[in-house]
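Work through the exercises below with the structure open beside you, and try each task before reading its solution.

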Amino acid sequence: MVTPSPQPPTEPTATHGHNGHDGHEHDGHEHGSPGRSAGHAPGQSGGHSNGHSNGPSDGHPGGHPGGHSGGHASAGHAHGHGHGHSHSHGPAAPVSKHLRKVIAAVLIPFAAAVFIGMAVLWPGGAPDHERSGVGFDRQTQQGVVTTLEQVDCKSVNAAQVPTTAAPSTPSGRQAQAEQTGECKKATVEVTSGPDKGRTFVEIVQPGAPRQLEDGQEVVVAYAPDAPRDLQYSVIDVNRKLPMALLAGIFAVAVVVVGRMRGLFALIALVVSFGVLTLFILPAILQGSNPLVVAVIGASAIMLIALYMCHGLTARTSVAVLGTLVSLLLIGLLGSGFIDWAFLSGNTDDNTGLIHGLYPDIDMSGLLLAGVIIGSLGVLDDVTVTQTSAVWELRQADPSMGPRALYRAAIRIGRDHIASVVNTLVLAYAGAALPLLLLFSIANSSMGSVANSELVAEEIVRTLVGSIGLVASVPVTTALAALVVSADRPGSPAGVPATGPVRGRGRRRKR
């Protein structure tokens with residue numbers, strides 16, 4: 001059994017007074033291979049070793065941590081020449097057992113608190129309510145267009161009073177088309193629910209944004225209180241097939257490129273949606289505090305997704321700690337500025353409908369919950385990247401201390417900050433593009449646009465999330481540098497200073 005040397009990497013020392021080589025490899029050969037153990041006399045045969053070269057056991061310096069050293073001691077080689085091959089490892093070596101205990105002492109109580117909170121607040125499903133028939137709160141079924149024919153709009157709109165609007169205005173042009181243009185008369189058959197097989201007629205105006213086609217699958221709304229001929233109406237088209245195909249292409253691409261890591265990422269994505277739909281949304285509807293629910297739910301998603309995708313390692317645990325600190329900062333900043341700016345969270349028809357159906361829901365708290373959940377996905381990316389950068393830098397140069405590691409990794413983090421913040425801002429701007437177009441049409445100033453509650457919500461959401469992202473880089477980098485550097489001095493991260501070399505490539509007993 002060979003004991004690795006705790007000494008730092010140095011130039012290999014030539015043996016038997018052979019000082020004609022400086023220890024560098026030439027054409028795959030190296031002199032005085034560090035993979036040789038004590039007691040291998042020149043001329044001894046056998047002895048093929050393929051292990052971690054942490055220095056020779058006879059006191060000669062010159063190990064290459066993090067690589068494999070293959071040494072062939074063959075008969076007749078008076079100077080002990082051997083073949084040396086260096087291979088770098090993918091995953092970083094684990095930190096010491098003491099540090100793992102410290103990390104576990106922090107994360108295990110946190111994880112226990114998260115899952116206890118989920119158990120206490122578990123809603124058991126969304127509460128029942130009487131459907132209002134407004135917006136999304138309607139009874140819906142599936143349908144299909146069986147026949148489609150062209151008709152004169154005047155004949156089907158005969159009961160309408162002619163508009164007095166000028167034809168140069170949008171409303172005037174639409175009214176004129178409804179009286180003189182060609183309309184479509186669609187016969188729709190209900191294909192699901194208790195009225196399966198029932199048909200009704202839908203008139204499609206020429207200026208309608210949604211035009212129907214023969215054989216097209218549609219979504220129909222059912223209004224039980226309306227007259228029988230008006231109980232069903234088309235509200236949307238059925239997009240399940242293209243959406244399912246696109247999801248399948250996405251899943252295949254992730255698995256093909258990411259392999260097992262991609263498969264675990266997909267599983268984590270399913271679990272995240274499960275936490276969102278089975279816990280977060282129903283718990284908020286049951287009347288629980290949206291901020292508390294969002295923090296607990298986001299923490300559960302973070303723990304499950306990070307450990308499932310990146311493994312139960314110290315590296316992942318540091319990323320979890322960095323993400324947690326950043327989420328707390330986002331929560332504090334978001335809560336303060338949402339209250340200070342008097343943002344109600346009730347700014348459109350959908351939030352108004354939610355407030356009307358469930359008046360006990362704290363809408364400003366719901367806004368803050370959205371900020372936290374929306375920032376979580378990007379935070380995971382930043383913290384994992386920074387932690388991996390520190391680990392890889394440490395593995396490449398085990399002599400680097402925490403300050404040197406931090407300075408090197410923070411340069412990577414600055415590049416990441418620039419791209420991530422820009423991505424976040426553009427994502428929110430793209431989602432609010434129709435709203436921004438309306439303000440542009442109205443020739444509103446930037447000040448008045450930013451002051452409106454609808455835009456102010458997006459500004460607070462973007463800036464608070466970006467501050468959390470920016471703060472996550474130095475916080476996670478500092479934590480990772482401290483953790484990976486806290487092992488025993490003079491030994492690579494996670495490699496014990498004494499004891500046998502274990503795992504793949506262990507030297508054979510002689």
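Predicted model: local features only at pLDDT ≥ 70, side-chain atom pairs only at ≥ 80, totals over all residues.

**Exercise 1.** Determine how helix α6 and helix α8 are oriented relative to each other where they pack.

*Solution.* Begin with the geometry: helix α6, which covers residues 314–340, packs against helix α8, residues 363–396, at an angle of about 150 degrees, and their axes are 8 Å apart. Angles over 145 degrees count as roughly antiparallel, and therefore α6 is roughly antiparallel to α8. Next, consider the handedness, for which the crossing of α6 past α8 is right-handed. Finally, sort the residues in the contact of α6 with α8 by class, which gives 14 nonpolar, eleven polar and three charged residues.

**Exercise 2.** Classify the ring pair formed by Trp122 and Phe279, and state which parts of the chain this pair ties together.

*Solution.* A search of the whole structure finds four aromatic pairs. In the pair under study, the ring centres of Trp122 and Phe279 are 5.8 Å apart and the planes stand at 20 degrees, so the pair is stacked, given that planes under 30 degrees apart count as stacked. Trp122 belongs to the loop between α1 (97–121) and β5 (139–152), whereas Phe279 belongs to helix α4 (residues 240–285), so the pair ties together parts that are 157 residues apart in sequence. As for accessibility, Trp122 has 43% relative accessibility and counts as partly exposed, while Phe279, at 0%, counts as buried.

**Exercise 3.** Carry out the corresponding analysis for Tyr222 and Tyr232.

*Solution.* The ring centres of Tyr222 and Tyr232 lie 4.9 Å apart with the planes at 35 degrees, so this pair is tilted. Tyr222 is in strand β8 (residues 217–222) and Tyr232 in strand β9 (residues 232–237), so the parts tied together are ten residues apart in sequence. Tyr222 is partly exposed at 23% relative accessibility, whereas Tyr232 is buried at 6%. Together with Phe200, Tyr222 and Tyr232 form one aromatic cluster.

**Exercise 4.** Describe the open sheet of five strands, and explain why one side of β7 and of β9 is left without a neighbour.

*Solution.* From one strand to the next, the twist averages 45 degrees.

Terms used: Residues numbered from 1 in each chain as written. Heavy atoms only, no water. Axes fitted to C-alpha atoms, helices over the stretch in contact; angles between N-to-C directions. Helix = DSSP H or I, 4+ residues; strand = E, 2+ residues; numbered from the N terminus. Parallel < 35°, antiparallel > 145°, perpendicular 65-115°, else oblique. Left-handed = near helix turned anticlockwise from the far one by under 90°. Nonpolar A, V, L, I, M, F, W, Y, C, P; charged D, E, K, R; others polar. Phe/Tyr/Trp six-rings, centres within 6.5 Å; stacked < 30°, edge-to-face > 60°. Buried < 20%, exposed > 50% of the residue type's maximum accessible area, 1.4 Å probe, protein only. Pairing = 2+ DSSP bridges.
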